[in-house]
Amino acid sequence: MLDGEILDIAPYGSGHINDTFRMTVSNQGTEKDYILQRMNGDIFKNREELMENIVRVTSFLKEKIVAQGGNPDRETLQIIPTREGEDYYKEGEDGWRVYPFITDTVSYDVAETPWKFNRSGYAFGNFQYLLADFPAEDLHETIVNFHNTADRLEKFKKAVEADVMGRAAEVEKEIHFILERQRDCYFFGEMLERKEVPLRVTHNDTKLNNVLFDKLTEEAICVIDLDTVMPGFAAHDFGDAIRFGASTAAEDEKDLDKVNCSMELFEAYFDGFMEGCRGSLTKREVETLPMGAKIMTFECGMRFLTDYLEGDVYFKTHYPGQNLDRARTQLKLVKDMEEKWETMQTIVKKA
Ligand code: ADP
Ligand code: GN1
Ligand code: MG
């Protein structure tokens with residue numbers, strides 16, 4: 001519940017899913033900022049369950065952070081309940097939530113230095129470490145089959161088949177590239193069946209702009225965007241971060257010559273992630289980290305292309321064809337990772 005007068009509400013951040021606003025409230029002469037968010041109801045069908053997850057996870061994190069002598073007001077999100085004591089405000093099909101705005105922080109769309117990327121790796125590794133004994137069975141699956149790559153492949157094939165926008169012919173090369181590599185989509189599912197890797201509580205959307213950096217210390221202090229915290233693979237959290245942050249260009253760069261996976265950034269993130277996980281990953285999990293990077297990038301490319309074929313109904317776009325540009329950068333990154341496979345293996349063997 002917030003008392004006071006709303007002075008300003010302005011769009012904020014560059015997320016692809018929710019509508020995010022920075023809201024300034026004045027109360028008895030003091031101004032305070034909040035993050036006001038409309039959850040995307042097309043994507044998150046069950047906001048009740050989603051918010052239950054977030055409240056559980058953030059309460060758990062708060063206790064851990066306090067126990068370790070940290071500052072929970074800066075190191076975790078915390079939901080501000082409504083006047084009625086609900087976790088969020090329901091307005092028809094919409095759901096709105098409010099978090100305190102964590103002041104003097106910044107989130108990056110590009111890793112400015114390997115060191116900053118290293119710290120984001122630490123933050124996501126630490127996030128997973130802190131949640132290692134969270135009761136995973138308490139979590140709802142907010143998006144079913146979110147990182148089930150085999151299921152993403154099926155959905156992609158259906159979109160190609162249906163071709164509702166008549167765009168398939170234009171992207172024949174990209175379709176071919178994906179189909180040539182479809183075997184990879186089963187990698188983690190098969191590993192799980194053979195019980196070679198465990199399911200952990202993971203973030204599942206570890207891109208660089210989902211962590212807040214302290215402007216003063218330049219440390220990555222708070223993992224945000226908790227909509228997809230669910231049981232998953234450590235290598236997926238590692239891989240999704242590499243996909244976005246180790247790229248030498250923007251996610252929608254048109255000039256593919258500029259798009260490469262930087263091994264310097266890969267190594268920086270690997271070191272930070274391992275530090276944050278504090279030895280909790282098994283040997284096999286560490287071995288699968290490069291595959292996590294390749295598969296998360298491949299899956300994301302497939303998702304962007306699926307959305308392009310379906311008429312841009314999932315990811316927010318700011319110009320026509322943006323999802324195709326995004327898909328192309330991801331597929332270029334996959335190709336580049338294949339060429340740098342040995343280097344990635346050498347880096348993870350350090351551990
Ligand atoms: P989306 O799901 O659309 O990506 P996010 O939850 O990631 O939405 O929020 C979008 C952006 O808003 C983030 O990248 C970050 O820059 C900013 N942001 C979100 N929560 C906070 C917060 N509590 N304090 C400060 N900035 C925030
Ligand atoms: C979305 O919400 P945001 O912008 O942090 C998406 C991720 C994709 C990413 C691609 C819930 O992340 O899975 O990897 O875009 N989130 C959801 O940039 O689908
Ligand atoms: Mg986000």
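1. A polar contact, as used here, is a pair of N or O atoms within 3.5 Å; within protein, one must be able to donate a hydrogen and the other to accept it, and residues adjacent in sequence count only if both atoms are side-chain atoms. Lys207 places a polar side-chain atom 2.7 Å from an oxygen atom of ligand 2, and for Asp205 the corresponding distance is 3.1 Å. The protein covers 98% of the 450 Å² of accessible area that ligand 2 has on its own (Shrake-Rupley method with a 1.4 Å probe; for residues, only the protein chains shown count as cover).

2. A word on what you are viewing. This is a predicted model, in which local features need pLDDT of at least 70, side-chain atom pairs count only at pLDDT 80 or more, and totals for chains, interfaces and linings use all residues. Residues are numbered from 1 along each chain as its sequence is written, chains are lettered from A and ligands numbered from 1 in the order in which they are written, and side-chain values use heavy atoms, with hydrogens and water left out.

3. Helix α10 (289-309) deserves a look of its own. Helices (H or I, at least four residues) and strands (E, at least two) are DSSP runs, numbered from the N terminus. In α10, 21 of 21 residues are buried (buried means under 20% relative accessible area, exposed over 50%, partly exposed in between, with a 1.4 Å probe and protein chains only). Gly311, which follows α10, has a positive phi near 95°.

4. Now turn to ligand 1, which 19 residues surround; the closest are Asn18, Gln37, Ser107, Asn209 and Asp225. A polar side-chain atom of Gln37 lies 2.8 Å from an oxygen atom of ligand 1, while a nitrogen atom of the ligand is 3.1 Å from a polar backbone atom of Pro100. Taken alone, ligand 1 exposes 560 Å², and the protein buries 97% of that. Its shell has nine nonpolar, nine polar and one charged residues.

5. Where does the magnesium ion (ligand 3) find its protein donors? Asn210 (OD1) and Asp225 (OD) lie 2.2 Å from the ion (donors are N, O and S atoms within 2.8 Å of the metal, 3.2 Å for Na, K and Ca; water is not among the atoms, so sites may look incomplete). Asn210 is in the loop between β7 (200-202) and β8 (211-214) and Asp225 in the loop between β9 (220-223) and β10 (230-232), so the pair ties together parts 15 residues apart in sequence. Asn210 is buried at 4% relative accessibility, whereas Asp225 is partly exposed at 25%.

6. Lastly, two loop residues to check. Asp104, not a glycine, has a positive phi of about 55°; this residue sits between β5 (94-100) and β6 (105-106). Lys195, also not a glycine, has a positive phi of about 55° and lies in the loop between α6 (187-193) and β7. Asp104 is partly exposed at 49% relative accessibility, and Lys195 is exposed at 73%.

Notes. Near = heavy atom within 4 Å. Nonpolar A, V, L, I, M, F, W, Y, C, P; charged D, E, K, R; others polar.
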